[in-house]
Amino acid sequence: MPNSDPGALDPKFMARALELARKGLYSTHPNPRVGCVIVLDGQIVGEGWHARAGEPHAEVHALRQAGARARGATAYVTLEPCSHHGRTPPCADALVDAGIARVVAAMQDPNPEVSGRGLQRLMQAGIAVQSGVLESEARALNAGFIKRMEHGLPFVRVKLAMSLDGRTAMASGESQWITGPAARAAVQRLRARASVVLTGADTVLTDAARLTVRPDELGLNAELTALAMTRPPLRVLVDGRLRVPLTAPFYQVGAALVATCAAAEARDRFLEQGHELLAMPGSNGHVDLRKLLTELAARGVNEVLVEAGPRLAGAFAQAGLVDEYQLFVAAKFLGSSARPLLDLPLARMAEATPLKIIEMRAVGDDWRIIAVPQGKTPESQR
């Protein structure tokens, strides 16, 4: 027997749509992650989620599964259905054509090409529309896409691994491995979900870092692993003075983008090896990080994972560019001569940035702490 209140089960079905949307966590870049559930008489008759840019959106998959049962049904969508022609036709039109009677959206699309227009299109067609169901959860899922659309910058997540005494490497630079396998698998998933994995010259030179996604360490099912590997993140090296030679392991595992203040004469050498050299403004050989992030956002980058040493990570923190810290803490001491977590030359307690801890949990034998600067919206921890 159908519930007399048409909205009573909205949170339940939207939660399922969000569950579906999360399947696209590793593969939808530069698009948002979106899920859709179609419900008729209290029963799910169609489900779908967006897997990759250029492929059908969540609504299309759900409508195909529902078939004729979509007529008179309610569609639950985690993001306002699109109303413009991009690489795929408008989903708002598809819902209208299918005879959907009601659409519940978790949130409006922050894309100025869509925002409000998709819902307006539905209402003009006589479809009942509601927005804002489980909106905070929907925003958390697409924090990077939202920030890029609203502020022209990607969401910046800084990953740090440290000992209990707050050290990241021995004085010699030795840092492998501070944390255990479970923590390293969690970092692999952070890499896989990012649009960009960014590091600095010191990390590449000291650790022979490659910063690739290793499928056997992701800990995902076969379907999600395969999707993740079809869209590996762009690896970005901040190397203001071009100190890292092209023979370094970092350059031997695929194309990279190198942000530098050095002369552009080296561009051809990098292009010959399949890499892009991006000339950026800066001072004293240090790249202007805000301008770099603006450039990355203009290229469609939603999320940046920073895996760098204390100087570059500290520079992001000092510039107020960090949205979230993911700290992996190992149950060991590295000693007072070991290297610090961040290079932050603070003189007074008042200069310290207050953080809000969003989550703390065990990861294998280590601990993961997720923290955001006070005043930042903690939308990405889910």
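This is a predicted model: local features need pLDDT of at least 70, side-chain atom pairs count only at pLDDT 80 or more; totals for chains, interfaces and linings use all residues.
Let me begin with the residue that the UniProt record, an unreviewed entry, lists under "active site", which is Glu59.

Where does glutamate 59 lie? Glutamate 59 belongs to helix 2, which covers residues 58-66. Is glutamate 59 buried or exposed? With a relative accessible area of 3%, glutamate 59 is buried, because the cut-off for that word is under 20%. If we set aside the residues up to four places away in sequence, glutamate 59 touches Cys36, Val77, Leu79, Pro81, Cys91 and Leu95.

Now let me step back to the whole chain. The protein chain is divided into domain 1, which spans 9-140, and domain 2, which spans 152-373. Taken over C-alpha atoms, the centres of these two domains are separated by 34 Å. The two domains also touch, in that eleven residues of domain 1 are in contact with 15 residues of domain 2.

Next comes the empty space inside the model. Rolling a probe the size of a water molecule over the atoms shows where empty space is left. How many cavities of 30 Å³ or more does the structure hold? The structure holds one, and the volume of the largest cavity is about 80 Å³. Sixteen residues, written 16 on my slide, line the largest cavity, and those that lie nearest its centre are Thr28, Asn31, Arg33, Asn302 and Glu303. Sorted by class, this lining of the largest cavity has three nonpolar, nine polar and four charged residues. Which domains supply the lining of the largest cavity? At least three residues come from each of domain 1 and domain 2.

I turn now to the other annotated positions. Under "binding site", again in an unreviewed entry, UniProt lists several residues, among them Ala161, Trp177, Asp207 and Gly314. Aspartate 207 is placed in helix 8, residues 201-207, and at 25% relative accessibility aspartate 207 counts as partly exposed. Glycine 314, by contrast, is placed in helix 12, residues 310-318, and with a relative accessible area of 0% glycine 314 is buried.

Glutamate 307 is found in the loop between strand 14 and helix 12, and at 6% relative accessibility glutamate 307 counts as buried. Leaving out residues up to four places away in sequence, the residues that glutamate 307 touches are Lys159, Val187, Arg191, Val197, Leu198, Thr199, Thr203 and Leu211.

Definitions and conventions: Residues are numbered from 1 along each chain as its sequence is written. Side-chain values use heavy atoms; hydrogens and water are left out. UniProt positions are given in the numbering used here, feature names are shortened, and annotations may be inferred rather than shown by experiment. Helices (H or I, at least four residues) and strands (E, at least two) are DSSP runs, numbered from the N terminus. Buried means under 20% relative accessible area, exposed over 50%, partly exposed in between (1.4 Å probe, protein chains only). Contact means heavy atoms within 4.5 Å. On a 1 Å grid over the protein atoms alone, a cavity is a set of points where a 1.4 Å probe fits but cannot get out, and a pocket is an open set with protein on both sides within 12 Å along at least five of seven lines; lining residues have an atom within 4 Å of a point. Grid points are joined across faces, edges and corners, and a volume is the space filled by probe spheres set on the points. Ala, Val, Leu, Ile, Met, Phe, Trp, Tyr, Cys and Pro count as nonpolar, Asp, Glu, Lys and Arg as charged, and the others, Gly among them, as polar. Domain bounds come from an automatic or database domain assignment.
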